[in-house]
Amino acid sequence: APLAGAPLTIVSAMRLNSKKRPLPLLKAFASAIAGVPSARLVIAGEGPERPKLEAAIARLGLSDRVELTGVVSREQLAALYARSDIFAMPSVHESFGLAAIEARFAGLPVVAMRAGGSGDFLIDGQTALLADDDGMLAAHLRRLIEDAALRARLGPPDQGLAKFRWAKVVGAHLDCYADARALIGTPQAVGT
């Protein structure tokens, strides 16, 4: 859980490339926090867009409110999620949205783009807030910053996430491979 008295923290985890859209996230954050005394953004990840992101942070006067962590371990990411309040996923060309699932498992409310792959498992208004454009992304971030009750309602992992637990996913893949082997008549390897 976030530390009492700590500023509200929005977190995102992504490769810092244009496809993941870290710059639009930064701009949405800047818009969302206008007049909000204590809210910060932490972006975990590394990539070629980092210099542009650093320049935009400085240009927008957000150096004291935005942290770029660089690459983090799974354990560090889990700890970051545990001390954060909101997860943001700005990408629109996402095939699935693993980071959003991990954030949901960590109990974070998610703001994501409706066009991204996470729209396949997030339900707008029930398990997340889904945005149609960058203006709506900023508005949803602002709404969650201001509304602790909404954060609490959207945060807890829902039953629909059970199918994404690793044991279930691995089992489904193994079953699929077994079915494929049976279809083509390939003998099963020894020991499997």
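Me: What makes the glutamate 49 and lysine 52 pair a salt bridge?
Reply: In this predicted model, their side chains come to 3.6 Å, N to O. The cut-off is a Lys or Arg side-chain nitrogen within 4 Å of an Asp or Glu carboxyl oxygen, so the pair qualifies.

Me: And why is glutamate 49 called buried?
Reply: Its relative accessible area is 11%. Buried means under 20%, so glutamate 49 gets the label.

Me: How do you know that arginine 50 and glutamate 46 form a salt bridge too?
Reply: The closest N and O atoms of arginine 50 and glutamate 46 are 3.0 Å apart, and the limit is 4 Å, so that one counts as well.

Me: Why do arginine 50 and glutamate 46 get their accessibility labels?
Reply: Arginine 50 has 19% relative accessibility and is buried, because the line is drawn at under 20%. Glutamate 46 has 30% and counts as partly exposed. Salt bridges with shared partners also join Glu46, Arg50 and Glu54 into one network.

Me: How many salt bridges does the structure hold?
Reply: Nine. One of them links the side chains of arginine 21 and aspartate 134 at 2.6 Å, N to O.

Me: Why does the arginine 21 and aspartate 134 pair tie together parts that are apart in sequence?
Reply: Arginine 21 sits in the loop between β1 (8-13) and α1 (22-32), while aspartate 134 belongs to helix α5 (residues 134-146), so the pair connects parts 113 residues apart in sequence. Arginine 21 is buried at 14% relative accessibility, whereas aspartate 134, with 31%, is partly exposed.

Me: What makes the contact between arginine 40 and glutamate 67 polar?
Reply: The two side chains are joined at 2.7 Å, and the cut-off for such a pair of N or O atoms is within 3.5 Å. Arginine 40 is in strand β2 and is partly exposed at 26% relative accessibility. Among the other residues that arginine 40 touches are Pro7, Phe29 and Arg65.

How values were computed: Residues are numbered from 1 along each chain as its sequence is written. This is a predicted model: local features need pLDDT of at least 70, side-chain atom pairs count only at pLDDT 80 or more; totals for chains, interfaces and linings use all residues. Side-chain values use heavy atoms; hydrogens and water are left out. Helices (H or I, at least four residues) and strands (E, at least two) are DSSP runs, numbered from the N terminus. Buried means under 20% relative accessible area, exposed over 50%, partly exposed in between (1.4 Å probe, protein chains only). Contact means heavy atoms within 4.5 Å. A polar contact is a pair of N or O atoms within 3.5 Å; within protein, one must be able to donate a hydrogen and the other to accept it, and residues adjacent in sequence count only if both atoms are side-chain atoms. Lists of a residue's contacts leave out its neighbours within four places in sequence.
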